[in-house]
Amino acid sequence: MRGLLARRMKFHLLGAFVVSMGCAALYKFAVAEPRKRAYADFYRSYDPMKDFEAMKAAGVLESAPPK
């Protein structure tokens, strides 16, 4: 029973490190990278003036009333 806590702690620390790195990698490749690509795809073809005119025609903006 001597050194049981030290042996178990080494095992659990190593396991916790491996699990945390796995979760970080999973988040990066499953969430962060697809989100970056989605934003890049959206802004590649985004026209702010067209969006402004659509909001203006819908009456969303108080400072630019629809004509």
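These legends go with a set of close-up views of a predicted model.

**View 1. Glutamate 33 and its lysine partners.** Here we look at Lys28, Glu33 and Lys36, which are linked in a network of salt bridges. Glutamate 33 takes part in both contacts described here: its side chain meets that of lysine 28 with N and O 2.8 Å apart, and it also pairs with lysine 36, where the closest N and O atoms are 3.5 Å apart. As a bit of background, side chains of opposite charge can pair when their charged atoms come close.

**View 2. One turn along helix α1, from glutamate 33 to lysine 36.** Now stay with the second of those contacts. Glutamate 33 and lysine 36 both belong to helix α1, which covers residues 4-44. They sit three residues apart, or about one turn of the helix. Lysine 36 counts as exposed because its relative accessible area is 51%, and the cut-off for exposed is over 50%.

**View 3. Lysine 28 and the ring of phenylalanine 29.** Lysine 28 shows up again, this time with an aromatic neighbour: it lies over the face of phenylalanine 29, at 5.6 Å from the ring centre. With a relative accessible area of 37%, lysine 28 is partly exposed.

**View 4. Arginine 44 meets aspartate 41.** The search of the whole structure turns up three salt bridges, and this view shows the one between the side chains of arginine 44 and aspartate 41, at 2.7 Å from N to O. Both residues lie in helix α1, three residues apart, which is about one turn of the helix. How exposed are the two partners, arginine 44 and aspartate 41? Arginine 44 is exposed, at 63% relative accessible area, while aspartate 41 comes out as partly exposed, at 43%.

View 5. Time for the rings: three aromatic pairs are found in the whole structure. One of them joins phenylalanine 42 and tyrosine 43, with 4.9 Å from centre to centre and 80 degrees between the planes. That pair is edge-to-face because its angle of 80 degrees is over the cut-off of 60. Phenylalanine 42 is partly exposed, at 45% relative accessible area, whereas tyrosine 43 is exposed, at 52%.

Note on methods. Residues numbered from 1 in each chain as written. Predicted model: local features only at pLDDT ≥ 70, side-chain atom pairs only at ≥ 80, totals over all residues. Heavy atoms only, no water. Salt bridge = Lys/Arg side-chain N within 4 Å of Asp/Glu carboxyl O. Buried < 20%, exposed > 50% of the residue type's maximum accessible area, 1.4 Å probe, protein only. Helix = DSSP H or I, 4+ residues; strand = E, 2+ residues; numbered from the N terminus. Phe/Tyr/Trp six-rings, centres within 6.5 Å; stacked < 30°, edge-to-face > 60°. Lys NZ or Arg CZ within 6 Å of the ring centre and 35° of its normal.
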